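Here is a short report on one protein chain. Please look over the sequence and the structure first.

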Amino acid sequence: MSIQKYKITKIKKLGSNVKVFCFEPLEGKLPEYKPGHFTFLHLFNENGESIVKRAYSIASSPDMPYIELCIKMVNGELTGRLERIEVGGVVGIEQPGGHLTYDDQPKIALIAGGTGISPMMSILRYITYKQMKGEFVLFYSARTRADILYREELEELQKKNENITVVITLTREEWEGEKGRLCHAVIGKYIDDTKGFNWWICGPMEMIKTMKQCLSSLGVEAKNIKIEGWG
Ligand SMILES: Cc1cc2nc3c(=O)[nH]c(=O)nc-3n(C[C@H](O)[C@H](O)[C@H](O)COP(=O)(O)OP(=O)(O)OC[C@H]3O[C@@H](n4cnc5c(N)ncnc54)[C@H](O)[C@@H]3O)c2cc1C
């Protein structure tokens, strides 16, 4: 396993407890990766030795000139230390990999909860950059308005590619959009042909369990569902 050194070039707060970090390599090029890949982020001690590593889905698209990660700060082993690192700080990043990849499928439905939006941002940014034709639907579940990550950019992406539909549901606040947990009623409003789509689910384990059952009852075959969960 090789760890490449990166400099933090930007830190932006999203919502109450999430931060977006941008990283550029200290030397050499960005690694090759696909939308949907994750990497391991390493933090170093003063001797430059890795002391903690955790997996993070990449939120940037491979065409972007930096790697972006969207991280919920839970004051744990890694996030507690990352909180104290500033722009200019050096971290380690491994060659990205994983199975949640997007490979130019023309009809896709992405289901995200919380920071599970990270790989979906990579996929939607890529689709927009490539101006791909097809049907691309994002179902994004958040608790309150303040918890909707990347809201403005999601609106922009819809404007830039008319084939993208963004459906946000709030579970703990009244608003003008969809409400409550994602279920047949919401999915059925936006997708008639559930079996003709490829599905991605990413977010908390509890949400993944519910959505797997939901998709199964809608007739979606397991081979057409890609899943990644944490938290
Ligand atoms: C493939 C993969 C991709 C991932 N992508 C992302 C991503 O894009 N963004 C992201 O924020 N995380 C992501 N994670 C989770 C990440 O790897 C860490 O587990 C998380 O950042 C906590 O690490 P930590 O060392 O700070 O906390 P730890 O010291 O490992 O845990 C501290 C405490 O925090 C709790 N905790 C851990 N995660 C959460 C959470 N999300 N919400 C509430 N409590 C939690 C733990 O249960 C524990 O009690 C991903 C995990 C995997 C396996």
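## Burial and overall build

A residue is called buried if 20 or more other C-beta atoms lie within 10 Å of its own. A residue with 12 or fewer is exposed, and one in between is partly exposed. On that count, 34% of the 231 residues of the protein chain are buried. The model is predicted.

The protein chain holds five helices and twelve strands. Its radius of gyration is 18 Å, close to the 17 Å that the globule rule gives for 231 residues, so the chain is as compact as a globular protein of that length. The C-alpha trace spans about 55 × 35 × 30 Å along its principal axes.

Domain 1 puts 16 residues into the contact, and domain 2 puts in 16 residues.

Which element gives the most to the side of domain 1 that touches domain 2? That is S5, with three residues. By residue class, this side of domain 1 has eight nonpolar, six polar and two charged residues.

## The six-stranded sheet

Six strands make an open sheet. Their order is S4-S3-S6-S1-S2-S5, and the pairing is antiparallel. Strand S4 (50–57) and strand S5 (67–72) are the edge strands, and each pairs on one side only. From one strand to the next, the twist averages 40°.

Strands of a sheet pair through backbone hydrogen bonds, either parallel or antiparallel. In a regular strand, side chains alternate between the two faces of the sheet.

Strand S1 (residues 3–14) pairs with strand S2 (residues 18–25) over eight bridges, in the antiparallel sense. Ile8 stands opposite Phe23 in S2. Lys10 stands opposite Cys22 in S2. The hairpin of S1 and S2 has three residues between the strands. Gly15 in this hairpin takes a positive phi near 65°.

How many bridges join S2 to S5? There are six, and the two strands run antiparallel. Phe23 takes part here as well: its bridge partner in S5 is Ile67.

## Positive phi outside glycine

Asn75 is a residue other than glycine with a positive phi, near 60°. Its place is the loop between S5 and helix H1 (77–82). Is Asn75 buried or exposed? Asn75 has 9 C-beta neighbours inside 10 Å, so it counts as exposed.

Tyr150 is another residue other than glycine with a positive phi, again near 60°. Tyr150 sits in the loop between strand S8 (135–142) and helix H3 (151–160). Tyr150 counts as buried because it has 23 C-beta neighbours inside 10 Å.

Tyr190 lies in helix H4 (residues 184–190). With 14 other C-beta atoms within 10 Å, Tyr190 is partly exposed. Which residues does Tyr190 touch, leaving out those up to four places away in sequence? They are Val137, Thr165 and Val167. Gly219 is 29 residues from Tyr190 along the chain, and their C-alpha atoms are separated by 16 Å.

Lys209 belongs to helix H5 (residues 205–217). Lys209 has 13 C-beta neighbours inside 10 Å, so it counts as partly exposed. Lys209 and Gly229 are 20 residues apart in sequence. Their C-alpha atoms lie 9.7 Å apart in space.

Conventions. Residues are numbered from 1 along each chain as its sequence is written. This is a predicted model: local features need pLDDT of at least 70, side-chain atom pairs count only at pLDDT 80 or more; totals for chains, interfaces and linings use all residues. Two strands pair if DSSP finds at least two bridges between them. Helices (H or I, at least four residues) and strands (E, at least two) are DSSP runs, numbered from the N terminus. Axes are lines fitted to C-alpha atoms, for helices over the stretch in contact, and angles run from 0 to 180 degrees between N-to-C directions. The radius of gyration is taken over C-alpha atoms; the globule rule is 2.2 Å times the number of residues to the power 0.38. Two residues are in contact if their C-beta atoms, placed from the backbone, lie within 7 Å. Ala, Val, Leu, Ile, Met, Phe, Trp, Tyr, Cys and Pro count as nonpolar, Asp, Glu, Lys and Arg as charged, and the others, Gly among them, as polar.
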